[in-house]
Amino acid sequence: MISYESYPIMLNLSEIEANCVVVGGGKVASRKISSLVKATSQVVIISPEINPKIEKLLESHNLKWIKRPYQYGDLQGAVLAFACTFDPEINSEIAKEGKEKGVPVNVVTSAEESTFYVPATISRGDLNISISTQGASPALAAKLRRNFEQEFGQEWEKYVEFLKIARIKVKNQIPDSDTRSYIFNKLVEDDAIFDQVKDTNRKDLEYFCDKLLKQLIENGRQQDETKNRD
Ligand SMILES: C[C@@]1(CC(=O)O)C2=NC(=C\c3[nH]c(c(CCC(=O)O)c3CC(=O)O)Cc3[nH]c(c(CC(=O)O)c3CCC(=O)O)/C=C3\N/C(=C\2)[C@@H](CCC(=O)O)[C@]3(C)CC(=O)O)/[C@H]1CCC(=O)O
Ligand SMILES: NC(=O)c1ccc[n+]([C@@H]2O[C@H](COP(=O)([O-])OP(=O)(O)OC[C@H]3O[C@@H](n4cnc5c(N)ncnc54)[C@H](O)[C@@H]3O)[C@@H](O)[C@H]2O)c1
């Protein structure tokens, strides 16, 4: 029998016309909802009770709360579901409905019954570092996240923003894919560029980018000429 692995993706939930259903209103549900609201406002919470943190999120993000226990059918039309009750049997029922309806379900009491896991994550602008042990050790995922948080400071946000600006410019200006790829690799290999970006004001980023690209394009040309001569 083939043994499959999990498929890691980044999901643009706000672009999908469907709800994320969170069943349960305790500590774990509030952690999942806190990260969900960064991605979408289409969040429906189903629980007889919710904790104060979720209450605040409900108000600030205009979420929907259905104040009752889970019942079969709650996953109808959902894009994702989170089974966050303390009752493993209820969570199993939610997982079963998800499998039946093709809705991925995260079961917080059982890695085995989950059809997706939430990784530990750090974000620096467009840079996202996600760590998953697929349920083998959530504590390790959290510890590694803390380590990466130290290693990847806020300056990475500006650096990735700069790389994005550069990428758009290079794609617009350079038709040859070898030269493009030479420049993209140079931009990430040279630590001096990282240091310079770090010390450049956001408003000067574009100017710095133009200057640097001019230089890199010239270097690329010179290399091509040398190659053609040899
Ligand atoms: C990453 C993170 C994301 C998040 O939840 O946002 C996350 N768990 C986190 C923390 C954490 N969870 C637990 C502890 C206590 C120590 C320990 O048990 O190790 C700690 C540590 C802490 O709190 O620091 C207890 C726990 N977790 C699960 C079970 C059930 C089981 O094992 O079957 C039990 C036992 C419950 C019980 O005691 O009965 C299951 C899952 N937890 C997952 C994700 C998924 C697998 C992720 C992976 O392995 O990659 C999965 C399968 C499903 C899911 O929930 O998505 C978040 C860190 C965020 C961060 O800090 O950055
Ligand atoms: N996956 C993880 O990351 C992780 C981490 C720690 C703990 N856990 C496990 O997750 C479970 C939940 O933890 P918690 O701290 O959030 O618990 P909690 O007791 O604070 O919250 C449980 C919530 O579920 C609601 N609930 C109970 N029965 C329900 C039903 N039938 N329908 C809808 N809602 C219902 C309750 O009203 C409550 O709001 C625990 O069993 C815990 O062992 C998971």
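The buried residues of α1 pack against β1, β2 (43–46), α2 (52–61) and β4. Contact here means that two C-beta atoms, placed from the backbone, lie within 7 Å. Helices (H or I, at least four residues) and strands (E, at least two) are DSSP runs, numbered from the N terminus. This is a predicted model, in which local features need pLDDT of at least 70 and side-chain atom pairs count only at pLDDT 80 or more, while totals for chains, interfaces and linings use all residues. Residues are numbered from 1 along each chain as its sequence is written, and chains are lettered from A and ligands numbered from 1 in the order in which they are written.

Which residues of α1 are buried? They are A29, S30, I33 and L36. Seen down the axis of α1, these buried residues fall within an arc of 120°, so they line one face of the helix. The arc is that of the directions from the helix axis to the C-beta atoms. A residue is buried if 20 or more other C-beta atoms lie within 10 Å of its own, exposed if 12 or fewer, and partly exposed in between; C-beta atoms are placed from the backbone. An α-helix has 3.6 residues a turn, so residues three or four places apart point the same way.

Now take α3. The buried residues of α3 are N91, I94, A95, E97 and G98. E89, K99 and E100 are exposed, on the face of α3 turned away from its buried side. The length of α3 also checks out. Its 14 residues (88–101) should span 20 Å at 1.5 Å a residue, and the end C-alpha atoms are 20 Å apart, which agrees. The expected span is 1.5 Å times one less than the number of residues. After α3 comes G102, with a positive phi near 75°.

Most residues other than glycine have a negative phi. N62 has a positive phi of about 55° and sits in the loop between α2 and β3 (64–66). N62 counts as exposed because it has 10 C-beta neighbours inside 10 Å. Q134 has a positive phi near 55° and lies in the loop between β7 and α4. With 13 C-beta neighbours inside 10 Å, Q134 counts as partly exposed.

Strands β6 (120–124) and β7 (127–131) run antiparallel and are joined by 5 bridges. Strands pair if DSSP finds at least two bridges between them.

Finally, the ligands. Around ligand 1 there are 23 residues, of which A120, S132, P138, A139 and A142 come nearest. A residue is near a molecule if its C-beta atom, placed from the backbone, lies within 6 Å of it. Helices α1 (27–36) and α4 (138–151) each give two or more residues to this shell. The most come from α4, with 5 residues. Around ligand 2 there are 21 residues, with G24, G25, G26, V28 and V108 nearest. Here α1 gives the largest share, 3 residues.
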